[in-house]
Amino acid sequence: MTAPERPLRADARRNRESVLDAAGQLFAQRGDAVQMDEIAEHAGLGVGTLYRHFADKQALLAAIIGRRFEAMTTIARAAEATEDAWTAFETLLYGYLESAQADASFRFALLGSAEPRWSDIAAEKTDFSDITERIVQRAVKAGHLREDFRAHDFVLITRGAMANMTGTADWRRHVALFLEGIRHRGR
């Protein structure tokens, strides 16, 4: 049995948030080129403080994703409460992508070359994934989505759209094309 995690002291919590904010800004600007010591300096903290919270860049990327997943889970819960299955699916999809569009560090953490440490954010990922699974299954059962559509396909669509959130690319057009392809043919 593992010991329960103790809540962080107020100053430690502030330091952790400062590191996440600084990392988010720098990753959004420069991607993989950012070094841990630069993040600490940008946060106004020592490198030791950064490493007390995050053992390495993968842990930091996971924390950025985890923080965004908490917000995404709120969006997913609201979508799940929507009565119409197709509206619930679209609400989740567009809500997720609009949230991702506003957070370049989240997109970098998901799409960058470094693999985040998913085990660090298993609870956040599970919460979001479970709701997504229920929304997808409901839309399939209602005949709005193709019978072979799965929650993992939601991930593929969102990653493709996020990859198109740079420059002049129109991610909404990308999603509209996907939606035409995944709608149940009987509709």
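**Salt bridges and core**

Tutor: Let us begin with Glu-38, which is partly exposed at a relative accessible area of 27%. Please keep in mind that the model is predicted.

Student: Which side chain does Glu-38 meet in a salt bridge?

Tutor: The partner of Glu-38 is Arg-30, with an N to O distance of 2.8 Å.

Student: How many salt bridges does the structure hold?

Tutor: The structure holds ten. One of them joins the side chains of Glu-17 and Arg-67 at 2.7 Å, N to O. This pair links distant parts of the chain, since Glu-17 is in helix H1 and Arg-67 in helix H4, 50 residues apart. Glu-17, Asp-21 and Arg-67 are linked in a network of salt bridges.

Student: And what about Arg-117, which side chain does it meet?

Tutor: Arg-117 meets Asp-56 in a salt bridge of 2.4 Å, N to O. Arg-117 lies in the loop between H6 and H7, and Asp-56 in the loop between helix H3 (47-53) and H4, so the pair ties together parts that are 61 residues apart in sequence. Arg-117 is partly exposed, with a relative accessible area of 29%, and Asp-56 is partly exposed at 21%.

Student: Changing topic: is Leu-60 buried or exposed?

Tutor: Leu-60 counts as buried because its relative accessibility is 0%. Its place is in helix H4 (residues 57-80).

Student: Which residues does Leu-60 touch, beyond those up to four places away in sequence?

Tutor: They are Val-19, Leu-20, Ala-23, Phe-27, Met-36, Ile-39 and Phe-54. Leu-60 and Leu-20 are 40 residues apart in sequence, yet their C-alpha atoms are 7.3 Å apart in space.

Student: Which residues of the largest nonpolar core touch the most other members?

Tutor: Of its 58 residues, Ile-39, Phe-89 and Tyr-96 do. The largest share of this core, eleven residues, comes from H4. Leaving aside neighbours within four places in sequence, Tyr-96 is in contact with several residues, among them Phe-69, Phe-106, Phe-128 and Phe-154.

Student: Finally, the whole chain: how many helices and strands are there?

Tutor: The chain has nine helices and zero strands. Its C-alpha atoms fill a box of roughly 60 × 45 × 20 Å along the principal axes, and buried residues make up 41% of the 187 residues. Among contacts between residues at least 6 apart in sequence, 72% join residues at least 24 apart.

Terms used
Residues numbered from 1 in each chain as written. Predicted model: local features only at pLDDT ≥ 70, side-chain atom pairs only at ≥ 80, totals over all residues. Heavy atoms only, no water. Helix = DSSP H or I, 4+ residues; strand = E, 2+ residues; numbered from the N terminus. Buried < 20%, exposed > 50% of the residue type's maximum accessible area, 1.4 Å probe, protein only. Contact = heavy atoms within 4.5 Å. Core = buried A, V, L, I, M, F, W, Y, C linked by side-chain atoms within 4.5 Å. Salt bridge = Lys/Arg side-chain N within 4 Å of Asp/Glu carboxyl O.
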